[in-house]
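Me: Could you take a close look at the place where the ligand sits, and then follow the charged pairs through the rest of the chain? I would like one connected account, with the cut-offs spelled out.

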Amino acid sequence: MKLPGHPFVAYRGEQLCIDDCTATELAARFGTPLYVYSRASMLAALAPYQRALTGREHLLCYAMKANSSLAVLQTFARAGCGFDIVSGGELERVLAAGGDPARVVFSGLGKTRAEMRRALEAGVHCFNVESESELGVLSEVAAAAGRRAPVSLRVNPDVDAGTHPYISTGLKANKFGIAHDRALAAYRHAARLPGLEVIGIDCHIGSQITETSPYIDALDRLLDLVEAIEAEASLRIRHLDLGGGLGIQYTDEAPPPADVLIGELLARIDARGHGHRALVFEPGRSLVGNAGVLVSEVLYLKPGEEKNFCVVDAAMNDLMRPAMYQATMAIVPCTLRDGAPVVYDVVGPVCESGDWLGRDRGLVVQAGDHVAVLSAGAYGMSMASNYNTRPRAAEVMVDGAHATLIREREVPAALFAGESLLPDD
Ligand code: LLP
């Protein structure tokens with residue numbers, strides 16, 4: 001039995017399998033909470049992007065904030081991807097995973113001088129710059145190093161991506177990007193700065209977007225600007241970076257497939273006479289989200305007058321999305337049992353009422369069973385914390401019947417290894 005949106009996660013008999021590995025066996029071997037990813041699923045999610053862009057000059061930059069574990073980065077690097085990074089730390093991960101810095105775009109609105117220096121030294125493809133003050137600082141840093149920094153300006157197109165307010169980024173009220181009506185002036189300013197070389201334009205309007213129309217609106221706004229910039233400034237916009245943001249199916253969402261979205265964007269780009277420009281995309285969630293599950297053990301069943309609770313050993317520190325965005329993520333048993341489902345709130349051990357993974361879920365489970373949160377490959381481990389001094393989960397990458405531990409479970413002593421006690425009085 002296949003699970004919707006999860007081509008590589010399915011029940012075989014009573015057992016939940018990821019590729020050809022059984023979730024309960026992985027739990028017994030590696031412990032819980034455990035993130036399990038399917039490599040084949042990641043590559044299958046990448047394929048429609050690559051297919052749709054064949055024959056075009058392009059760069060697919062995996063937005064690694066979605067899941068920055070080294071083996072995940074290595075998987076995408078080997079498949080030819082570049083990376084969208086937002087910090088110096090992410091750059092170090094790309095280098096450690098064998099990624100090519102020349103295929104990296106550096107996004108983010110608060111880059112430090114040290115991060116800029118390091119990225120210049122590594123030779124990133126482009127800095128996505130988000131303010132006029134950042135332009136000035138980057139020019140200074142580059143000039144001091146005897147270089148010119150390749151830049152693209154992130155324009156805030158003021159379109160509504162129709163997604164959760166915390167992950168909507170392309171509205172005027174958001175902190176991101178340079179306002180559309182200031183962008184031309186910002187490009188003129190960039191053209192005058194000695195340490196910069198303008199090469200592109202970019203936008204990113206939000207995340208978990210399930211329609212194509214906000215992308216087309218943003219693209220139109222961007223192309224209007226490109227035409228205005230090239231008409232008057234002595235600049236050439238070599239690439240269009242349309243960001244990331246394509247949604248996935250968590251429960252009943254129906255986002256367009258990546259090749260459909262890209263097909264529509266390319267048709268619009270060509271129709272407006274911009275087909276000669278290179279293209280950059282920064283997908284995150286849509287490449288890894290449905291490739292991962294979080295396996296957790298049921299510790300206790302706690303019936304109550306108003307609510308029944310299913311207490312599991314994964315918590316908000318392992319998977320922040322439900323607590324932070326009220327995200328609904330499917331939770332399924334790793335072993336199917338006969339019986340009438342009982343409605344539970346699935347909660348973790350953290351001392352906060354906000355620590356829940358799912359609400360009002362009908363499940364047939366007993367203490368000692370395992371459950372899996374589906375679609376947990378994106379913004380799961382990468383947002384995990386050590387709140388309540390909880391060691392972060394282990395991670396496993398499966399490939400057919402083969403499972404590789406790609407991150408050890410943390411141990412408590414490592415969590416305070418860098419701390420010191422005060423000297424004696
Ligand atoms: N490019 C930029 C500049 C971004 O800010 C983001 C995501 C992406 C690309 C990738 O977007 P994606 O394809 O993954 O939607 N933690 C939230 C999502 C935050 C997204 C932030 N920016 C969540 O769990 O839903």
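Reply: What follows goes from the ligand to the salt bridges.

This is a predicted model, in which local features need pLDDT of at least 70 and side-chain atom pairs count only at pLDDT 80 or more, while totals for chains, interfaces and linings use all residues. Residues are numbered from 1 along each chain as its sequence is written, and side-chain values use heavy atoms, with hydrogens and water left out.

The shell around the ligand holds 17 residues, of which Ser207, Glu282, Arg321, Tyr325 and Tyr379 come nearest (a residue is near a molecule or strand if one of its heavy atoms lies within 4 Å of it). By residue class, this shell divides into six nonpolar, five polar and six charged, where Ala, Val, Leu, Ile, Met, Phe, Trp, Tyr, Cys and Pro count as nonpolar, Asp, Glu, Lys and Arg as charged, and the others, Gly among them, as polar. Both domain 1 (2-38 + 289-415) and domain 2 (107-283) give residues to the shell, so the ligand lies between them; the domain bounds come from an automatic or database domain assignment.

A polar side-chain atom of Ser207 lies 2.4 Å from an oxygen atom of the ligand, and a backbone N or O atom of Gly245 lies 2.8 Å from an oxygen atom of the ligand. Taken alone, the ligand exposes 590 Å², and the protein buries 91% of that (accessible areas come from the Shrake-Rupley method with a 1.4 Å probe; for residues, only the protein chains shown count as cover).

Turning to the charged pairs, a search of the whole structure finds 25 salt bridges, each being a side-chain nitrogen of Lys or Arg within 4 Å of a carboxyl oxygen of Asp or Glu. In one of them, the side chains of Arg39 and Asp399 meet at 2.8 Å, N to O. Arg39 lies in helix 2 (residues 39-53) and Asp399 in strand 21 (residues 394-399), so this pair ties together parts that are 360 residues apart in sequence; helices (H or I, at least four residues) and strands (E, at least two) are DSSP runs, numbered from the N terminus. Arg39 has 28% relative accessibility and counts as partly exposed, and Asp399, at 35%, also counts as partly exposed (buried means under 20% relative accessible area, exposed over 50%, partly exposed in between, with a 1.4 Å probe and protein chains only).

Another salt bridge joins Glu227 to Arg272, with the closest N and O atoms 3.2 Å apart. Glu227 belongs to helix 8 (residues 213-232), whereas Arg272 lies in the loop between helix 9 (258-271) and strand 14 (278-281), so the pair ties together parts that are 45 residues apart in sequence. Glu227 is partly exposed at 36% relative accessibility, and Arg272 is partly exposed at 26%.

The side chains of Asp345 and Lys307 also meet in a salt bridge, at 3.1 Å, N to O. This pair links distant parts of the chain, 38 residues apart, with Asp345 in strand 18 (residues 342-347) and Lys307 in the loop between strand 15 (292-302) and strand 16 (309-312). Asp345 is buried, with a relative accessible area of 5%, whereas Lys307, at 29%, counts as partly exposed. Finally, salt bridges that share partners join Asp220, Asp224, Glu227, Arg268 and Arg272 into one network.

Technical notes:
Polar contact = N/O pair within 3.5 Å; in protein donor to acceptor, adjacent residues only side chain to side chain.
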